[in-house]
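Subject: Structure handover

Hello,

Here is the structure I promised to pass on. My notes on it follow below.

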Amino acid sequence: MEKNDIILKLIDGTFGVCRLNPADEIPHWAKNDKFYSISKTGEELSIVCAQEDISEGVTSELGWKILKIEGVLDFSLIGIIAKISSILADSGISIFVVSTFNTDYILIKEENISKAISVLREVKYTVK
């Protein structure tokens, strides 16, 4: 198989995905790290942030590692996340994706990160 041009970088730290009520203010602890993502809908306030910053008692799913797709992805690019998620799904690894204007971040449970990196490298992704 030929080399894949996509480069993934493992971000330091362990992260949590939190659910708060939609009327809640964004808590100060959510913005303590160099990576956090905040989304709000009519049903929830959803926060991804450093696990150690999450206040006790907050509804959360802990133990996530993050692979960042390096570089700026053009909006016209098609199928990058679909391909990666299919590769990981075929290996029994579920993901949670956060997208920003520039790129995508793939959250993988801590217990699956080594396997995910190995699987991606087998199909010629570069993982730093």
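Start with F96. Leaving out residues up to four places away in sequence, F96 touches V17, V48, W64, Y105, I106 and L107. Contact here means heavy atoms within 4.5 Å. F96 sits in strand β5, residues 96-99. F96 is partly exposed, because its relative accessible area is 30%. The cut-offs are these: buried is under 20% relative accessible area, exposed is over 50%, and partly exposed is in between, with a 1.4 Å probe and protein chains only. F96 and K9 are 87 residues apart in sequence, and their C-alpha atoms are 16 Å apart in space.

Two notes on the source. This is a predicted model, in which local features need pLDDT of at least 70 and side-chain atom pairs count only at pLDDT 80 or more, while totals for chains, interfaces and linings use all residues. Residues are numbered from 1 along each chain as its sequence is written, and side-chain values use heavy atoms, with hydrogens and water left out.

Now the overall picture. The protein has two helices and seven strands. Along the sequence they run β-β-β-β-α-β-β-α-β. Helices (H or I, at least four residues) and strands (E, at least two) are DSSP runs, numbered from the N terminus.

What about size? Taken along the principal axes, the C-alpha atoms fill a box of roughly 50 × 30 × 25 Å. Of the 128 residues, 40% count as buried. The protein exposes about 7,600 Å², and carbon and sulfur atoms supply 49% of that. Accessible areas come from the Shrake-Rupley method with a 1.4 Å probe; for residues, only the protein chains shown count as cover. Among contacts with a separation of 6 or more, 69% are between residues 24 or more positions apart.

Next, the helix pair. The axes of α1 (residues 80-90) and α2 (residues 113-122) come within 10 Å and cross at roughly 115 degrees. Axes are lines fitted to C-alpha atoms, for helices over the stretch in contact, and angles run from 0 to 180 degrees between N-to-C directions. Which residues make the contact? On α1 they are I84, I87 and L88, and on α2 they are A116, V119 and L120. The residues of this contact divide into six nonpolar, no polar and no charged. Nonpolar covers Ala, Val, Leu, Ile, Met, Phe, Trp, Tyr, Cys and Pro; charged covers Asp, Glu, Lys and Arg; the others, Gly among them, are polar.

I106 lies in strand β6, residues 104-109. I106 counts as buried, because its relative accessibility is 1%. Not counting residues up to four places away in sequence, I106 touches L8, K65, I66, L67, I69, I81, I84, I95 and F96. One of these, I84, also belongs to the α1 side of the helix contact.

K65 is in strand β4. Is K65 buried or exposed? K65 is buried, with a relative accessible area of 14%. With residues up to four places away in sequence set aside, K65 touches L10, G13, T14, I106, L107, I108, E110 and I113. K65 and R19 are 46 residues apart along the chain, and their C-alpha atoms are separated by 18 Å.

Two loop residues remain. E70 is in the loop between β4 (59-69) and α1. E70 is partly exposed, at 26% relative accessible area. Leaving aside neighbours within four places in sequence, E70 is in contact with I7, L8, K9 and K128. The C-alpha atoms of E70 and Y105 are separated by 9.3 Å, and the two are 35 residues apart along the chain.

K124 is in the loop between α2 and β7 (126-127). Phi of K124 is near 75 degrees, a positive value in a residue other than glycine. Most residues other than glycine have a negative phi. K124 is partly exposed, with a relative accessible area of 36%.

Best wishes
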